[in-house]
Amino acid sequence: MSPLMLVLCFLQLFSTSSSTSTPSAPLNSLLPSDAVSLLSFKSKADLDNKLLYTLNERFDYCQWQGVKCVQGRVVRFALQSFGLRGTFQSNTLTHLDQLRILNLRNNSLSGPIPDLSGLTNLKTLFLDHNFFSATFPLPLLSLHRLIILDLSHNNLSGSLPLGLTVLDRLNYLRLDSNSFNGSIPPLNQTQLQIFNVSRNNLTGSIPVTPTLKKFNERSFLWNPNLCGKVINTPCPSTPFFDSPSAAASPRPSPLYQDAQSQGIVLTPSPQHKHKKVGVVLGFVVGTLILIAAVLCIFALVRKRREESETEPKATKCTIETITHNAVPADNSQLLEIKLEKEVKVAQVSQQQLKSGNLIFCSGETELYTLEQLMRASAELLGRGTIGTTYKAVMASQLIVSVKRLDACKTSITSGEAFEQHMEEVGMLRHPNLVAVRAYFQAKQERLVIYDYQPNGSLFNLIHGSRSTRAKPLHWTSCLKIAEDAAQGLAYIHQASKLTHGNLKSSNVLLGSDFEACLTDYSLIALADISSDDDPDSARYKAPEVRKSARKATPGSDVYAYGILLLELLTGKPPSQHPYLSPPDMADWVRAMREDDNEEDRWLSMLVDLANICSLTSPEQRPTMRQILKMIQDIKDNAMVENNKRDEHTGYS
């Protein structure tokens, strides 16, 4: 086929005559069906032409962004964070019957999720962080090979189908941050390890199945009408008139009712008279006691009011300060701290304190007040470059992380600039970023409130406590964490003009599903950090930032990412990394590891990636999007090789 014919076919797809989602007949006859599907998808889902798909040869589509082929068939289509805007039309990707992975997360796709029942080999489906609407797509229930299903952070509504129980291979199910209502199906998939239905409108008692009992309250948060044993919330009792006590209460005898209905007066017996007098006397005595108690309370309240009026009338607000004991020698231990009241005179009314000082970001629901936050029990999590982080447990049992910024280091930033910067940072939302929920500032106090991540930091995972010998993680775990961190950095660089600026293993936290999430992003821009005494933190800084007063750039983030990758692969802190040529660096990494001999090729690729990220010249470093693509290629190639050894994959 001539290149001219291919170009004509490509143009025909986007012509007005082919505005429907079904490809034209000539296109079907000239191009492979997988290419037709991809181009049809792009025509409706990529209104801003983010995807540069061109055809010069028949199988060019296997080299397109996000596409992975095996033997000419598309097995992976991943376009996360590509800025796609449009709709996911039916009869487009549904013809990719060899597709194993479909990842469209973190775009701006809208409309209903189409019928994907034709993707009979699909194992992984990420459609989260879009604007999909309508109800749960029931055709998904026919995809019996599904292992991962993520529809979170969309606008889906309606009830959850009972048929979810038939997806017996599910290992990962996230439906949180939608508008689903009704009850939770009695899920009992034995392999389900990750589950979240928080931030919906689900109601009723959570089924007590062996699977659902494994998950804690965080999987069900912000569904105010959920109850049951699984989340230790009692369900509302039955109405009074149905209760046993009501049923057991004596009813008027038929004789008495009949007598009343006939106008007959029944004279009580003398014994009943005595009982009646006793009841009346008891009632009178009780009433007198109650009146006396009320009068005493009124007198006490009046006395205290008169005493308070004699004090100075300066308005007082309780501003709680965090104080702590001396740090133990082992910094890995958590330090219990107390919240002591420090009453200060301030020109702020109590009403202002309760409503205005804690600023929630990006339309977040105001789940707590500053006063509730300041009264929370707290424990020290760690001290960083520009502040101290605490875990705060409020009376409602809601847990957050509070970053208390160093007043001296952040004094160079005005109050207005701080607020503008935090508004921009607070708008960033991504599965691999720890969300900034709120912030607060007063004269000498600045707080940043994050989601709490329950599984600690990557630093603790790699290095452990001082009493244990650090051992490098398995290369597949390194690859997963490296991909998560790259996803978060790529999103920051693409979605805003911000940078992280302070990437290091202690600023990579592990979420509830052990996903890697970046924290402290973009806060370094608020501070004056003229020097850093920590040799590990200093080693993360790119040469161009280290030698001058220049602010962090996407290129310096890439450099820090390369150092992080080496720390991940070797289990050694950056201060112990030698300055070696790339071949020697690969040998050193192998020497630091005691296993993975069978996967040496993939390990070498990760070392090569770390080397090019940490090149001295920023112009020679790749972008985070390019890095993410390289990591995904390593992951895909490794997966294909492993699947070829597995007789059940169906790749052959």
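How are α11 and α14 oriented to each other, roughly parallel or roughly antiparallel? The axes of helix α11 (residues 475-495) and helix α14 (residues 554-570) come within 11 Å and cross at roughly 170 degrees. The two helices, α11 and α14, are therefore roughly antiparallel to each other. Axes are lines fitted to C-alpha atoms, for helices over the stretch in contact, and angles run from 0 to 180 degrees between N-to-C directions. Angles under 35 degrees count as roughly parallel, over 145 as roughly antiparallel, 65 to 115 as roughly perpendicular and the rest as oblique.

The structure is a predicted model, in which local features need pLDDT of at least 70 and side-chain atom pairs count only at pLDDT 80 or more, while totals for chains, interfaces and linings use all residues. Residues are numbered from 1 along each chain as its sequence is written, and side-chain values use heavy atoms, with hydrogens and water left out.

The secondary structure of the chain comes to 17 helices and 24 strands. Helices (H or I, at least four residues) and strands (E, at least two) are DSSP runs, numbered from the N terminus. Of the 652 residues of the chain, 46% count as buried; buried means under 20% relative accessible area, exposed over 50%, and partly exposed in between (1.4 Å probe, protein chains only). Among contacts (heavy atoms within 4.5 Å) between residues at least 6 apart in sequence, 54% join residues at least 24 apart.

In the pairing of α11 with α14, residues C478, I481, A482, E483, A485, A486, L489 and H493 of α11 meet P554, D557, Y561, L564, L565, L568 and L569 of α14. By class, this contact of α11 with α14 has twelve nonpolar, one polar and two charged residues. Ala, Val, Leu, Ile, Met, Phe, Trp, Tyr, Cys and Pro count as nonpolar, Asp, Glu, Lys and Arg as charged, and the others, Gly among them, as polar.

On the α15 side the contact is made by P582, M585, A586, V589 and R590, and on the α16 side by D600, S604, V607 and N611. The residues of the contact of α15 with α16 divide into five nonpolar, two polar and two charged.

I386 lies in the loop between β18 (377-383) and β19 (387-393) and is buried, with a relative accessible area of 2%. The C-alpha atoms of I386 and L405, 19 residues apart along the chain, are separated by 5.8 Å. Leaving aside neighbours within four places in sequence, I386 is in contact with residues including K403, L405, L523 and I529.

T413 is found in the loop between β20 (399-405) and α9 (415-426). This residue, T413, is buried at a relative accessible area of 11%. The side chain of T413 reaches the backbone oxygen of L526 at 2.6 Å. Apart from its neighbours within four places in sequence, T413 is in contact with F418, R446 and L526.

G182, in strand β11 (residues 179-182), counts as partly exposed at 24% relative accessibility. Its C-alpha atom and that of G158, 24 residues apart along the chain, are separated by 7.5 Å. Beyond neighbours within four places in sequence, G182 is in contact with N201, L202 and T203.

Definitions and conventions: Polar contact = N/O pair within 3.5 Å; in protein donor to acceptor, adjacent residues only side chain to side chain.
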